Amino acid sequence: MSEDAVVGVSSRVARSATDEPGSSGFAGSPTPGPAASRPAGGATDSSRSLSRERSDDTRRARLRTRFTEALGIEHPVVQGGMMWVGRAELAAAVSEAGGLGMITALTQPTPADLVKEIERARTLTDKPFGVNLTILPSITPPPYDEYRRAIIDAGVTIVETAGANPEPHMDMFREHGVRVIHKCTSVRHALKAEKVGVTAVSIDGFECAGHPGEDDVPGLVLIPAAADALSIPFIASGGFADGRGLAAALVLGADGVNMGSRFMCTEESPVARAVKERIVEASELDTNLIFRSLHNTARVAKNAVSDEVVRILAEGGQFPDVRELVAGARGRKVFENGDLDAGIWTVGQVQGLIHDIPPAGEVVRRTVSQAYEVLSQRLSLFA
Ligand SMILES: Cc1cc2nc3c(=O)[nH]c(=O)nc-3n(C[C@H](O)[C@H](O)[C@H](O)COP(=O)(O)O)c2cc1C
């Protein structure tokens with residue numbers, strides 16, 4: 001099976017056989033690739049044993065797709081915007097490793113603070129990172145236009161929009177050369193985003209953390225359905241934590257993956273250690289879907305508070321009956337203090353596949369290495 005055939009129509013895969021000092025590679029230790037993909041000579045006598053060790057354990061895989069080309073990044077791995085989590089350290093660590101990190105605009109109290117956070121990320125990496133702008137209906141909405149202005153003025157050229165049709169923002173973004181990745185949960189919304197001129201779409205399956213929409217279509221169907229319908233590059237989101245997931249997404253027709261929960265459980269993520277340890281302990285069964293009856297479903301961690309919200313709403317309660325329980329300030333306490341039952345906090349089913357708290361850059365590297373191994377070694381057994 002040729003490498004091109006492995007990743008399908010929209011993607012092509014290339015392996016860079018350069019050693020990367022400091023890169024730990026995939027924990028499953030990739031087996032040495034075919035001789036043709038090894039570096040041709042170059043090792044001096046004194047460096048040979050070291051470079052052989054590195055070439056077995058840390059040789060870098062590279063998966064190039066339409067998405068990586070369109071966004072000018074090395075690896076098709078994105079860290080989705082996360083309220084309270086998407087700060088400079090995490091975004092920069094993902095981008096520094098060749099993925100695409102996202103600062104979450106609304107985590108910053110004002111547009112001016114967002115500019116400072118962007119500047120802080122720039123001190124941590126020279127590589128491209130993006131800003132997530134989540135536009136949700138609200139009684140007293142944040143000043144979205146001012147946040148958008150701050151993003152543009154700060155010279156950011158990649159934005160992840162989510163929550164609503166990005167159309168009202170597109171002219172400004174286009175005028176300033178900002179490429180928009182719109183995150184949505186259905187093929188019809190993805191098509192709409194394509195029509196209004198976004199560069200790429202990120203499509204969230206029912207498994208995802210946060211808002212999966214109301215259609216309940218899991219990734220296994222949603223991704224190929226999106227591949228059939230869309231012409232622009234798109235990445236698969238929801239339920240991805242490792243290279244098996246990335247390989248599967250590519251095979252299903254996506255051009256990469258977006259991960260939230262996986263990056264929340266890394267060293268650079270600013271949430272309390274107890275939250276990360278809980279994610280490692282938890283299984284895929286440990287989430288709740290809240291707000292189903294309000295048609296504003298959110299997938300969150302199963303805890304005493306989310307159990308209570310589910311119970312109240314199932315018994316006919318309305319939003320005012322749960323308002324206090326779901327208050328953002330309570331959820332924020334979970335992340336800050338590690339009190340897991342202080343409020344509602346977001347996580348996806350994929351926590352059942354998360355078993356460690358590594359540096360975010362290692363997640364990027366091993367996801368790509370493992371995907372490469374799956375695609376080029378394991379699946380090629382069946383060629
Ligand atoms: C703690 C947390 C907060 C999130 N906040 C946002 C947000 O503010 N805006 C947004 O577009 N997506 C948000 N998401 C969703 C992620 O960007 C991503 O789409 C989702 O986590 C993908 O599912 P996964 O967790 O299975 O990888 C959040 C996810 C988590 C885990």
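Start with methionine 102: its opposite number in S3 is glycine 130. That contact belongs to a parallel pairing of strand S2 (residues 102-104) with S3, over 3 bridges. Strands count as paired here if DSSP finds at least two bridges between them. Between S2 and S3 the chain runs through helix H5 (residues 111-124), and this β-α-β crossover is right-handed. Right-handed means that, with the strands pointing away from the viewer, the path from the first strand over the helix to the second runs clockwise. Helices (H or I, at least four residues) and strands (E, at least two) are DSSP runs, numbered from the N terminus.

A word on what you're looking at. This is a predicted model, where local features need pLDDT of at least 70, side-chain atom pairs count only at pLDDT 80 or more, and totals for chains, interfaces and linings use all residues. Residues are numbered from 1 along each chain as its sequence is written.

Now the other neighbour. S3 also pairs with strand S4 (residues 158-162), parallel, over 4 bridges. There, asparagine 132 has glutamate 160 of S4 as its bridge partner. From S3 the chain passes through helix H6 (residues 144-153) to S4, and that β-α-β crossover is right-handed.

So is S3 buried or exposed? Of its 5 residues (130-134), 5 are buried, so the strand is largely enclosed by the rest of the structure. Buried means 20 or more other C-beta atoms within 10 Å of the residue's own; exposed means 12 or fewer, partly exposed is in between, and C-beta atoms are placed from the backbone. Both faces are covered: Gly130, Asn132 and Thr134 on one side, Val131 and Leu133 on the other.

Next, the ligand. Its shell has 29 residues, and Gly80, Ala162, Ala209, Gly260 and Gly348 come nearest. The cut-off is a C-beta atom, placed from the backbone, within 6 Å. S3, strand S8 (257-259) and helix H11 (261-264) each supply at least two shell residues. H11 has the largest share, with 3 residues.

Last, the core. The largest nonpolar core has 96 residues, and Val201 and Phe234 have the most contacts inside it. Such a core is a set of buried Ala, Val, Leu, Ile, Met, Phe, Trp, Tyr and Cys residues joined through C-beta atoms within 7 Å. Helix H16 (residues 360-378) gives the most to this core, 8 residues.

Zooming out, the protein comes to 16 helices and 10 strands. Of its 383 residues, 48% are buried.
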